[in-house]
Amino acid sequence: MREFDVAVIGAGVAGLTAAATAARHGVRVAVIEKMGAGGQIMTVERIENFPGAAEPIAGFELGPVMQEQAEQAGAEFILDTVEGLALDGPVPVLKCGEGEIAARSLIIAAGSNRRKLGVPGEEEFAGRGVSHCASCDGPLYRGMTVAVIGGGDSAFDEARVLAAHAGKVLIIHRGEKLRAARPLVDAVSGLANVKICLGTTVEEIIGEDVVRALSLREGASGASRREPVDGVFVYVGLEPNIGFLGGQLELSEHGRIVTDRFMQTSAPGIFAAGDIRQGSAALLAEAAGDGATAAVAALRHLGARFESLDAAE
Ligand code: NAP
């Protein structure tokens, strides 16, 4: 079994910041990640609100830079999937696909998965017209009609990316009120090839080999109609990636990990950072802050002194 001082689960912005912060203090740090570095941002083309980036930056550029920074600080990357946790021994043990990893302190930054819409046709046409990645698949729809489902920041961010490629972008939102930030809504509403359909529910994604249309229901009239589309991009929220926890940590009613202000979970020496924790606003700057806070807490758990914190308590 491999042993580390700090194990970080997840190489998104929270996990990479935690790893860089902890490693810089000279402890042995492992980051366990099942995909590549960057997490959710790897499919994001325009990030406008990351501190220090005055121009929009692509997530698939930011992720590798953050990984490099963590590696230069001394963190080790392990490409593997954490399938379970054993918390009944003297230190936490991560049960991974390729073996076990023991760590004196654990930072859970496993992030979220995109929520499914849950309508007929969604699974059937996944990868054949149904997508969660505007920057990857947008160029395939040059001049065509695509639908973006959802009314939050993700839907509007990605609709803006799609509008640069597609002939027409329909944003379909079930409610009358949008969740997305007002400046983003204004920017997207002003694009000539974008139409926003409020109070409209997707009943079915229809196709043959590939997606051909949506069956939509208008909230006001209750009438159903068929809307021809070539692609469907689903952005209906995030669900925390907590399956591997096995119910061993306290969770909020929405399934996010409960922490205190030091990112301490209900189990001593185990911390959570980023949008997997209760109360996260899912902002990248916040995820980075969570990661740094969790790393400091993990280091303190290992006995490191932080004079300003020690004095304040
Ligand atoms: P979100 O804010 O939770 O919004 C999800 C949207 O999908 C809502 O409009 C919701 O409708 C709708 N929805 C949920 N389930 C649905 C269903 N079954 N059928 C149809 N519609 C459904 O999710 P998000 O946009 O992915 O954002 C997640 C978090 O990341 C947010 O905190 C957001 O601020 C943050 N984020 C920030 C940025 C940025 O800073 N630029 C970018 C992306 C995301 P209702 O409103 O009716 O519930």
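Helices are DSSP runs of H or I with at least four residues, and they are numbered from the N terminus. On that basis, Thr 17 belongs to helix α1, which covers residues 13-23. The model discussed here is predicted.

**Thr 17**

Is Thr 17 buried or exposed? Buried means under 20% relative accessible area. Thr 17 has a relative accessibility of 15%, and therefore counts as buried. When neighbours within four places in sequence are left aside, the residues in contact with Thr 17 are Met 66, Ala 288, Gly 291 and Ala 292.

**Ligand site**

The shell around the ligand has 20 residues, of which Asn 49, Asp 153, Ser 154, Arg 174 and Arg 179 come nearest. By class, this shell is made up of 7 nonpolar, 7 polar and 6 charged residues. Which helix gives the most to the shell? Helix α4, residues 153-163, does so, with 3 residues.

Asp 153 places a polar side-chain atom 2.7 Å from an oxygen atom of the ligand. For Asp 157, a polar side-chain atom is found 3.3 Å from a nitrogen atom of the ligand. Ala 281 takes part through its backbone, with an N or O atom 3.0 Å from a ligand oxygen atom. The ligand taken alone exposes 920 Å², and the protein buries 75% of that area.

**Salt bridges**

How many salt bridges does the structure hold? There are 16 salt bridges in the structure.

| Pair | N to O distance |
|---|---|
| Arg 104 and Asp 5 | 2.9 Å |
| Asp 186 and Arg 182 | 3.4 Å |
| Glu 203 and Arg 217 | 3.2 Å |

The side chains of Arg 104 and Asp 5 meet in a salt bridge at 2.9 Å. This pair links distant parts of the chain, since Arg 104 is in strand β6 (residues 99-108) and Asp 5 is in strand β1 (residues 2-9), 99 residues apart. Arg 104 counts as partly exposed because its relative accessibility is 40%. Asp 5, in turn, has a relative accessible area of 8% and is therefore buried.

With a relative accessible area of 43%, Asp 186 is partly exposed. Arg 182 counts as exposed because its relative accessibility is 55%.

Glu 203 and Arg 217 form a salt bridge with closest N and O atoms 3.2 Å apart. Here too distant parts of the chain are linked: Glu 203 sits in strand β12 (residues 200-207) and Arg 217 in strand β13 (residues 211-218), 14 residues apart. Glu 203, at 29% relative accessibility, counts as partly exposed. Arg 217 is also partly exposed, with a relative accessible area of 33%.

Key
Residues numbered from 1 in each chain as written. Predicted model: local features only at pLDDT ≥ 70, side-chain atom pairs only at ≥ 80, totals over all residues. Heavy atoms only, no water. Near = heavy atom within 4 Å. Polar contact = N/O pair within 3.5 Å; in protein donor to acceptor, adjacent residues only side chain to side chain. Areas by Shrake-Rupley, 256 points an atom, 1.4 Å probe, with all protein chains shown as cover. Helix = DSSP H or I, 4+ residues; strand = E, 2+ residues; numbered from the N terminus. Nonpolar A, V, L, I, M, F, W, Y, C, P; charged D, E, K, R; others polar. Buried < 20%, exposed > 50% of the residue type's maximum accessible area, 1.4 Å probe, protein only. Contact = heavy atoms within 4.5 Å. Salt bridge = Lys/Arg side-chain N within 4 Å of Asp/Glu carboxyl O.
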